[in-house]
Each structure stands twice: as C-alpha cells, then as structure tokens.
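Student: Could we go through this structure together, one question at a time?
Tutor: Of course, let us take a look.

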Amino acid sequence: MISKPNRLAWALGWLLSFASMPASANLNVFACEPEWASLVSVLLPDANITTATTAWQDPHYIEARPSLIAAMRKADLAVCTGASLEAGWLPSLISRAANRKIRPGSDGLFFAADHAPLHQSHEHVDRSMGDVHPEGDPHLHLSPDAIPLVASALAERLVSLVPDQQAQIQLRYIRWRGEWNQHRQSWRTAARHLAGTGVITQHSTFDYLLRWLGIEVIADLEPKPGLPPGSTHLRNVLATPDLARASVIMLASYQDDRPARWLSSQSGVPAIVLPGTVTGQPGEETLEQVINLIVDTLLNHQEPTNVD
C-alpha cells in the first residue's frame, strides 16, 4: 500500500510526466498585438503564431493585408485587445477571412479587455472627443494587475481548444504566475520611490503602469486622444506651470518623436523612447521584461521621494 506522502509524490510525478508529452497537434493562433503573441507562447509554446502588428506600428491603424487575411483564415484562435482598439481593421479582416472558428461570439475569438477592468470608460462618445474608446482605455497590457487576469482567462480558453494539453497549459500558467508575482513585488518596491513624481506622455500607452506606480501624467502631447501634436498645443504644454515637475517625456517606439524632441529642447526635460510592447529584441521579449525596462528607466531619471 502506498503511503499518503508517496501517493502525492507519485501523482505529482505522473502529472509532470504527462505535461511533458508532445502535443497531438499545433494550434494556429492569430495575435493582433505582440503582447498577446508573447503570452500565448508562454502558455502554448508549440502554437503556430502570426502577429498582425509590431512594436513599431500603431495598433489602431494597420492595413488588412492579404497575408493577414490568409493567416486569419486558417486560425483556430484569434487573440486581440478588444475595447475597440482594433475597430478600424479587425472586423474587416474577420469578414474577409470568412473563418467560422473566429467569428464574433465564438470560442476562437478572445479579447483581453473582456477579462480585466478598464480605466476611463465613457457613456457617450463623439468625434469631437478624438479617438476615445467608450469601453475604456484599451492599453491594459502594461498593467501589473490586469495581465494575470487576462493570462488566467487565456489559459482556460486554450484548454477548451486543446483539452489534451490541459496539464501542460495549467503548469505553465502556474509557473508564469509565480514569476509574475515576483516581478510585481519588485515593481511595488520601485513604486515607493516613484509615487508622486510626474511625466509627460503622448497617448495613453503607458497610463495603466504609470497609474499603478503612482506617477502623475502632467501633460499629454496629443491635444485629444489620437490627434497628432500641433504647434499650438505644444506651446501650451511648454507653458504648463507644472512642467518643471516632469522628469521625462515618454514616447512609445511607434510614435513620431519630433514633437517630444522639440519640447525637450525648449524645456530641458529629457525625451525617452521606450518599447510600448514586446519587441522580440533581447531584454524586450516578454511583458515582464518590458515593464522592468520602463520601471528601471523611470528610476534612473527621477529622484526617489520616499526612500525607506
């Protein structure tokens, strides 16, 4: 008869050996943005992943190219942000691909924004407000709190599509969640030094992370969301009384840096270009690495306010 501790060790060993079994078939995944391709690859490394955009492209505006239509046509799962981020191109892509697996409402279409609370939702939106999303700010991929919720839901969706890989997916998620929690603790420590400081941004790419860190956005280079910075608005930002409190002007890698460079030359506030998502380059291959890079950069540019 096997004792309880031995039974537990045997069961764990069996689960681990099962988790190492090869997959019966690779899942074809269409990822709208690099962050979701990265997350899928953590949970299902053998998946065949096509990514529609890169860190050097504005995810609001891309062309539904024939190669993307072909990838969507053979996809078993499409993973996108949602909350209208891809409203300008994803519906057309889905329609032209004519793939029943990823039609709206099916298990093959996964929206990250459906699984985490969003900031700045609006009951009424019109064109005078700029590129505002009624559901809320869709740029949740740099939120230390939101990503675990998305990852958990994504793991469940993957299990529903490839149930023979349930053990593998669950083990990878548990391992990933433990590592994420460790990073989160280091970010929380950094937040004690960064809370109360200020930055200037362009668009809301970094807003979830900045809010989590307790950093104030003093001004936005965009006069309205999605509208390019104009000379009149930039002069207004230059005249902002709190401009002296800004430690940096933050830009995402896909944004035009000329307005920020002009403001930097006039104000003396350094302009820094940071990856708005994973790039695939060393040190920028996962969301944890990207957040680490952003946090370290902010720490290097700002004086700590609450040093223990």
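The questions below go through a loop residue, the cavities and the salt bridges of this predicted model.

Student: Let us begin with Asn99. Is Asn99 buried or exposed?
Tutor: First find Asn99 in the loop between helix H4 (90-97) and strand S4 (109-111). Its relative accessible area is 10%. Buried means under 20%, so with that value Asn99 is buried.

Student: Which residue's backbone oxygen does the side chain of Asn99 reach?
Tutor: Look at the contacts beyond the neighbours within four places in sequence: they are Met72, Arg73, Lys74, Ala75 and Ile94. One of them lies 26 residues away in sequence, yet its C-alpha is 5.2 Å from that of Asn99. The side chain of Asn99 reaches a backbone oxygen at 3.0 Å, and that oxygen belongs to Arg73.

Student: Now the cavities, please. What is the volume of the second largest cavity?
Tutor: Searching the whole structure for cavities of 30 Å³ or more gives 2 of them. The largest cavity holds about 140 Å³ of space. For the second largest cavity, the volume is about 30 Å³.

Student: How many residues in the lining of the largest cavity are polar?
Tutor: This lining has 17 residues, and those nearest the centre are Glu35, Pro59, His141, Gly276 and Thr277. In the lining, 6 residues are nonpolar and 2 are charged. The polar residues number 9.

Student: Which helix gives the most to the lining of the second largest cavity?
Tutor: The lining residues are Glu35, Ser38, Leu39, Val42, Trp176, Thr286, Leu287 and Glu288. Two elements give two or more residues each, helix H2 (34-43) and helix H10 (287-301). With 4 residues, the one that gives the most is H2.

Student: And how does that lining divide by type: how many residues are nonpolar?
Tutor: Count the other types before this one. There are 2 polar and 2 charged residues in the lining of the second largest cavity. The nonpolar residues number 4.

Student: On to the salt bridges. Which residue meets Glu216 in a salt bridge at 2.7 Å?
Tutor: Side chains of opposite charge can pair when their charged atoms come close. Glu216 sits in strand S6 (residues 216-220), and its partner is 29 residues away, in the loop between helix H8 (231-238) and strand S7 (246-252). The two side chains meet at 2.7 Å, N to O, and the partner is Arg245.

Student: In the salt bridge of Asp256 with Arg258, how far apart are the closest N and O atoms?
Tutor: Asp256 is partly exposed, at 35%. Exposed means over 50%, so Arg258, at 63%, counts as exposed. The closest N and O atoms of this pair are 2.8 Å apart.

Student: One more: which residue forms a salt bridge with Arg261?
Tutor: Arg261 counts as partly exposed at 37% relative accessibility. The closest N and O atoms of the pair are 3.4 Å apart, and the partner is Asp257.

How values were computed
Residues numbered from 1 in each chain as written. Predicted model: local features only at pLDDT ≥ 70, side-chain atom pairs only at ≥ 80, totals over all residues. Heavy atoms only, no water. Buried < 20%, exposed > 50% of the residue type's maximum accessible area, 1.4 Å probe, protein only. Contact = heavy atoms within 4.5 Å. Polar contact = N/O pair within 3.5 Å; in protein donor to acceptor, adjacent residues only side chain to side chain. 1 Å grid on protein atoms, 1.4 Å probe; cavity = no way out; pocket = protein on both sides within 12 Å on 5 of 7 lines; lining within 4 Å. Points joined across faces, edges and corners; volume = space filled by probe spheres on them. Nonpolar A, V, L, I, M, F, W, Y, C, P; charged D, E, K, R; others polar. Salt bridge = Lys/Arg side-chain N within 4 Å of Asp/Glu carboxyl O.
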